[in-house]
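Dear colleague,

I am handing over the structure we spoke of, and I would be glad if you could look through it alongside the notes in this message.

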Amino acid sequence: MEYLSIVFQEVYKILFLLVPVLVSVAMIVWLDRRVWAFVQKRQGPNVVGPFGLLQSLADALKYIFKEIIIPSSSNKVIFILAPIVTMTLALIAWAVIPFSATQVLADINVGILYLFAVSSLGVYGIIMGGWASNSKYPFLGAIRSAAQMVSYEVSIGVIIINVLLCVGSLNLNDIVIAQQNMWFVIPLFPMFVIFFISALAETNRPPFDLPEAEAELVAGYQTEYSGMMYAMFWLGEYANILLMCAMGAILFLGGWMSPIDVYPFILVPGAIWLILKILLLFILFALVKAIVPRYRYDQLMRLGWKVFLPLSLIWVVLTASYLFYFNLLPVN
Amino acid sequence: MATDGRMFWRLILKLTISIDKMIAHAIFFYTFSIIAVVSAIMVTASKNTVHSVFFLILDFISISCLFIMIGAEFLGMIMLIVYVGAVAVLFLFVVMMLNVAQQKNQWFAGQATSKHIPVGLIISTLIFFEIIIVIGGWKYKPEIFDINNSLASTSVSNTHSLGQVLYTDYIHVFQISGMILLVAMVGAIVLTFRQRSGVKKQSYIKQISRERSEGVEVLEVQSNKGVKIDD
């Protein structure tokens, strides 16, 4: 019975985390469209609710009432599983994100590896959707995204090694606390830039949105999806983007820590700082979408393998030798 | 009577708590192991090759869950990242691109089946005997496996203890295995690399370093004669 009550407590905590994440995903879609519009001197969604804040809600309502069409020649089980996989993977990763020193659902030893593993599994939703549709455009989109996401994962992994060298622990809270004196964005600035661009590619955001390039592939892997299943892909994608922003905030921008260690700033709870940092990174994501044209496929592969991977590897050697020479290696 | 009743209920509560914990552990273990075994069987049993790869992925995931359950969280996560995140994606990529289904049907239909059965049998007997030897050795001489060294200290985290062993006692083995992988990779690239002539390539340095004087030429065009442009 006590065991059951523990389980219920955990479920309550999970709901307390997931509901805000889902709501903020809806809000972030609105923000994305709004920023995009402002860059192009448009208004963006501003009709439904104050400032158009309820636009995503209206969209969701529309999706719910639309018919779900399953193509007759598709592989039905995998076709239905694909959006579920995308959505689930995007949400389970939030379990390890620390919102303050104590506010974390699962404070596990290998938190950063868990985040990395879950984000690398995200490719399956896309491959499954593209293959199960049994149609040309989705399949091409899926193949493209498989190659793209695997390539950029490598450089993200090496960048994480850079940060871990400075921290000496895989725990996310330890990573945040290690930035008490200086955020890692200052000593590792080139890595932050590469991480940001790789995160764009990893989440299939423009300028790397080749898997769903609307000019060539209709909608890529989502072409055959409709109604709520399409909306789930869409929600999963934005939840993944938020997750990548959170990862960037934790690795480079000091996570839940306040930017300066003085009186009025310390009173603000850590969750607020983390959310502000995530928002900052997300607005950068949205700006990039508005101002950069789409990459060609061979340029994308060249950037991943011939520029980012060697650069980040060299930076690993540099960081390690610097830390070793000045005897700064974290030992515990 | 009342106190007896309370004692009884307290005892029941204690029992249920301990049983709950044990049962929870057992439930998780059996769930993951049953999924692992069934999906491993389905990898070979399912006729659709893409389905087999998906079952393989399910197998990897449930095995990494088992790793996490015995406290080897680093191994579990690396299993997820390397096998599920990279290797299985490439598997899936290749299987989807190749038209394996047709070939497989030919195998099942024709006499070619008989050729593959003996090879499979030999390999599976070999693996079976290897497992027998390992388990037998573990059963009768536990000290040769040195479990005490690896799992004794729980104060140090899994990752730390792995690194302490891997980068001190076994550094040469570790480096050599890395070298073998590198050589294998370079070999695979060399074997499959074809230099095709007549392919247009983009040279970024050439593009950036182009000057106006090289690219543009202003010509006086006479009417009815035109200009000859050599490309």
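This is a predicted model: local features need pLDDT of at least 70, side-chain atom pairs count only at pLDDT 80 or more; totals for chains, interfaces and linings use all residues.

I began with the rings. A pair of aromatic rings is described by the distance of the centres and the angle of the planes, and over all chains the structure holds 21 such aromatic pairs. One of these brings together A:Phe79 and A:Tyr225, whose ring centres are 4.2 Å apart and whose planes meet at 5 degrees, so this pair counts as stacked. The two residues come from distant parts of the chain, since A:Phe79 belongs to helix H3 (residues 76-92) of chain A, while A:Tyr225 sits in the loop between helix H9 (214-217) and helix H10 (227-252) of chain A, with 146 residues separating them. Both A:Phe79 and A:Tyr225 are buried.

A further pair, formed by A:Tyr152 and A:Phe208, is tilted, with 5.8 Å from centre to centre and 45 degrees between the planes. Here A:Tyr152 is part of helix H6 (residues 136-167) of chain A, whereas A:Phe208 lies in the loop between helix H8 (189-202) and H9 of chain A, so the contact ties together parts that are 56 residues apart in sequence. A:Tyr152 has a relative accessibility of 0% and therefore counts as buried, and A:Phe208 is likewise buried, its relative accessible area being 2%.

Ring pairs also link A:Tyr63, A:Tyr230, A:Trp234 and A:Tyr238 into a cluster.

Turning to the helices, I looked at two packed pairs in chain A. H6(A), the helix that carries A:Tyr152, packs with helix H13 (residues 297-325) of chain A at an angle of about 15 degrees, and the axes are 9 Å apart. An angle under 35 degrees counts as roughly parallel, and H6(A) and H13(A) are therefore described as roughly parallel to each other. Their crossing is left-handed, and the contact of H6(A) with H13(A) has, by class, 20 nonpolar, seven polar and one charged residues.

The other pair consists of H3(A) and H5(A), which pack at an angle of about 160 degrees with their axes 8 Å apart. That angle makes H3(A) roughly antiparallel to H5(A), and the crossing of these two helices is left-handed. Within helix H5 (residues 123-132) of chain A one finds A:Trp131, which at 18% relative accessibility counts as buried, the cut-off being under 20%. Between A:Trp131 and A:Tyr221 there are 8.2 Å in space, C-alpha to C-alpha, although the two are 90 residues apart in sequence.

As for chain B, its secondary structure comes to ten helices and zero strands, and from the N terminus on its elements run α-α-α-α-α-α-α-α-α-α. Of the 231 residues of chain B, 16% count as buried.

With kind regards

Technical notes. Residues are numbered from 1 along each chain as its sequence is written. Chains are lettered from A and ligands numbered from 1 in the order in which they are written. Side-chain values use heavy atoms; hydrogens and water are left out. Rings of Phe, Tyr and Trp (its six-membered ring) pair if their centres lie within 6.5 Å; planes under 30 degrees apart count as stacked, over 60 as edge-to-face and the rest as tilted. Helices (H or I, at least four residues) and strands (E, at least two) are DSSP runs, numbered from the N terminus. Buried means under 20% relative accessible area, exposed over 50%, partly exposed in between (1.4 Å probe, protein chains only). Axes are lines fitted to C-alpha atoms, for helices over the stretch in contact, and angles run from 0 to 180 degrees between N-to-C directions. Angles under 35 degrees count as roughly parallel, over 145 as roughly antiparallel, 65 to 115 as roughly perpendicular and the rest as oblique. A crossing is left-handed if the near helix is turned anticlockwise from the far one by less than a right angle, and right-handed if clockwise. Ala, Val, Leu, Ile, Met, Phe, Trp, Tyr, Cys and Pro count as nonpolar, Asp, Glu, Lys and Arg as charged, and the others, Gly among them, as polar.
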